[in-house]
Amino acid sequence: MKHLDVNATRSGKWWVGFFTLDGHEHGTQAHTLKQLESMVKDAAALLTDRPIDDFTVTIRTTDNEITDLVTQYEKSSAQAASARSQLALASRTAVTRMREKGLTMEDIGQILGLTKGRISQLARA
């Protein structure tokens, strides 16, 4: 399996991708990044006389603004995942402790702003 790193640049309505194969720089273009991946694999297969399935491709944009946007998205996504995990733990802990204090599912739901059914789910978790 041969891995190819592709640097992609937007040119009008086209993505232009450049990659190195066997020490030589090559390029191809497509309308979408998915199509660009296929075009790179196809070009590599033609250039090496190997099957398309012998190649994997990673496409990176050379547009710094897009790269910055992706970095911010990934950072926010990781923070959101962490917050969801913390919320799940806090929810289960709150329900368990309030049940230990003798509160009803309905009262716990009222306090936490959740439905009685959701409190029941958390109590079983």
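Is F55 buried or exposed? Which residues does F55 touch, not counting those up to four places away in sequence? And which residues of the largest nonpolar core touch the most other members?

Analyst: F55 is buried: its relative accessible area is 2%, and the cut-off for buried is under 20%. The model is predicted, so these values are computed from predicted coordinates. F55 is part of strand β4.

Now its surroundings. Leaving out residues up to four places away in sequence, F55 touches M1, K2, L4, L21, K41, A44, A45, T48 and R50. Take A44 from that list. F55 and A44 are separated by eleven residues in sequence, and their C-alpha atoms lie 7.7 Å apart.

L4 is another partner of F55. L4 sits in strand β1. It counts as buried because its relative accessibility is 0%, under the 20% cut-off. Beyond four places in sequence, L4 touches F19, T20, L21, V40, A44, F55, T56, V57 and T58.

With the same exclusion of residues up to four places away, F19 touches L4, D5, V6, H24, E25, H26, G27, V40 and A43.

The largest nonpolar core has 14 residues, and L4, V6, F19, L21, L36, V40 and F55 touch the most other members. Four elements each supply at least two residues of this core: β1 (2-11), β2 (14-21), α1 (33-48) and β4 (55-61). Helix α1 gives the most, with five residues. In soluble globular proteins, nonpolar side chains tend to be buried together. Apart from this core lies another one, of seven residues, including A94, M105, I108 and I119.

What of β3? T28 has its place there. T28 is buried, with a relative accessible area of 14%. Its contacts, again skipping residues up to four places away in sequence, are W15, V16, G17, L36, M39 and V40. L36 and V40 in that list are also named among the residues of the largest core that touch the most other members.

Now the loops. D22 lies in the loop between β2 and β3 (24-30). It has a positive phi of about 55°, although it is not a glycine. D22 is exposed, at 57% relative accessible area, where over 50% counts as exposed. D49 lies in the loop between α1 and β4. It too has a positive phi, about 60°, without being a glycine. D49 counts as exposed because its relative accessibility is 72%. K13 is in the loop between β1 and β2. It is exposed as well, with a relative accessible area of 65%. K13 and D63 are 50 residues apart in sequence, and 15 Å from C-alpha to C-alpha.

Finally, step back to the whole chain. It has four helices and four strands. Along the sequence they run β-β-β-α-β-α-α-α. The radius of gyration is 26 Å, whereas a compact globule of 125 residues would come near 14 Å. The C-alpha atoms fill a box of roughly 75 × 30 × 20 Å along the principal axes.

Buried residues make up 22% of the 125 residues. F55 is one of the buried residues, and so are L4 and T28. Of the contacts between residues at least 6 apart in sequence, 37% join residues at least 24 apart. The accessible surface is about 8,800 Å², and carbon and sulfur atoms account for 52% of it. The chain carries 16 positive and 15 negative charges, with mean positions 14 Å apart.

Conventions: Residues numbered from 1 in each chain as written. Predicted model: local features only at pLDDT ≥ 70, side-chain atom pairs only at ≥ 80, totals over all residues. Heavy atoms only, no water. Rg over C-alpha atoms; globule rule 2.2 N^0.38 Å. Buried < 20%, exposed > 50% of the residue type's maximum accessible area, 1.4 Å probe, protein only. Contact = heavy atoms within 4.5 Å. Areas by Shrake-Rupley, 256 points an atom, 1.4 Å probe, with all protein chains shown as cover. Lys, Arg positive; Asp, Glu negative; His and termini not counted. Charge placed at Lys NZ, Arg CZ, Asp CG, Glu CD. Core = buried A, V, L, I, M, F, W, Y, C linked by side-chain atoms within 4.5 Å.
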